[in-house]
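The following note sets out several points on the structure shown below. Please read each point with the model at hand.

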Amino acid sequence: MSTPVVKIENLVKRYKELVALDHFNLEIEEGEIFGLLGPNGSGKTTTINCILSLLSFNKGSVQVFGKEMKPDSYDLKRQIGVVMQNVAVFDSLTVYENIDYFCGLYIPDKKLRKQYVQEAIDFVELNDFVKFYPKKLSGGLLRRLNIACGIAHKPKLIILDEPTVAVDPQSRNKILEGIVKLNEQGATIIYTSHYMEEVEQICTRIAIMDKGKNLAIGTKDELKQMIKKSETISIELFELSEEDQDALRQMKHVYEVSYEDHKLTILCSGGKHNLIRILDYLQSKEISFGRVYSELPTLNDVFLEITGKELRD
């Protein structure tokens, strides 16, 4: 088997009484777009900082490209690009100068750096804005500049922490297309986001963490198979007796039935023909109904079932 790009074993990070990472384990293979999900305070940022060796930890090990990551592992860090949630560019430099500066931290050769900078500008489509200063850019353009600064040196591993926060749908779509393209060009990507539909759209594997632990890991389909709910059926109807509701609750694979504001909602666990059986029952009882919806579980359903629904700070 190939060596994982990132391998974290038994990682423990404490802040006095607070345990930020609790014997955390993770492996990320070459070529993945790996989604790292968790509520606020779950340990995602701490994990990223430990991968980058920006934080010391109490126990465990972190390997990147098969080597132990240390604060002075500059040979490894040159192969990593980081795009954090908070935009990190210089207001006093133009778009071109910002990308050139960050690329220059890794690429000393001026001719090669000029080529890389232009390729990064082309990639994020900022050619019309190279002489602009960051304060003149929209939120979406600023995010794209931030990405260009992080990937201009052509890293093999790219860490993207909430790269689409507070941008319009067009800019978000452009950023997601760019991430997929970077992956197709050979980069392994670690992606964090609170937008579940983004993660479901682009990530090849996903880990859900909370309270410093890795609670679940797999493809989106594998994660959906871990939860109880396999189908949500919603039916609009004018009236439904308690007796009929109880009869529906007794059906195979049905585990929850609610009827409110003329809407019947049925949660099912397993089964392939739940909707047909339910509609057959309503028709047999001559119960008229309107619109019918059948929804498969989403990544958001998985996330909430695994991490809980209570509010986080």
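1. The model is predicted. Glu 27 belongs to strand β2, which covers residues 18–28. Its relative accessibility is 34%, so Glu 27 counts as partly exposed.

2. Which residues does Glu 27 touch, leaving aside those up to four places away in sequence? They are Pro 4, Val 6, Lys 7, Glu 32, Phe 34 and Arg 205. As for Val 62, 35 residues from Glu 27 along the chain, the C-alpha atoms of the two residues are 10.0 Å apart.

3. The whole structure contains four aromatic pairs. One of them joins Phe 90 and Tyr 101 edge-to-face, with 5.1 Å from centre to centre and 90° between the planes. Phe 90 lies in the loop between β6 (80–83) and α3 (95–104), while Tyr 101 lies in helix α3, so this pair ties together parts eleven residues apart in sequence.

4. Phe 90 also pairs with Phe 102: the ring centres are 5.8 Å apart and the planes meet at 20°, so the pair counts as stacked. Phe 102 is in helix α3, twelve residues from Phe 90 in the loop between β6 and α3. Through ring pairs, Phe 90, Tyr 101 and Phe 102 are linked into a cluster.

5. Two charged side chains sit over rings. Lys 154 lies over the face of Tyr 116, 5.0 Å from the ring centre. The charged end of Arg 172 is placed over the ring of Tyr 195, at 3.9 Å from its centre.

Note on methods
Residues are numbered from 1 along each chain as its sequence is written. This is a predicted model: local features need pLDDT of at least 70, side-chain atom pairs count only at pLDDT 80 or more; totals for chains, interfaces and linings use all residues. Side-chain values use heavy atoms; hydrogens and water are left out. Helices (H or I, at least four residues) and strands (E, at least two) are DSSP runs, numbered from the N terminus. Buried means under 20% relative accessible area, exposed over 50%, partly exposed in between (1.4 Å probe, protein chains only). Contact means heavy atoms within 4.5 Å. Rings of Phe, Tyr and Trp (its six-membered ring) pair if their centres lie within 6.5 Å; planes under 30 degrees apart count as stacked, over 60 as edge-to-face and the rest as tilted. A charge sits over a ring if NZ of Lys or CZ of Arg is within 6 Å of the ring centre and within 35 degrees of the ring normal.
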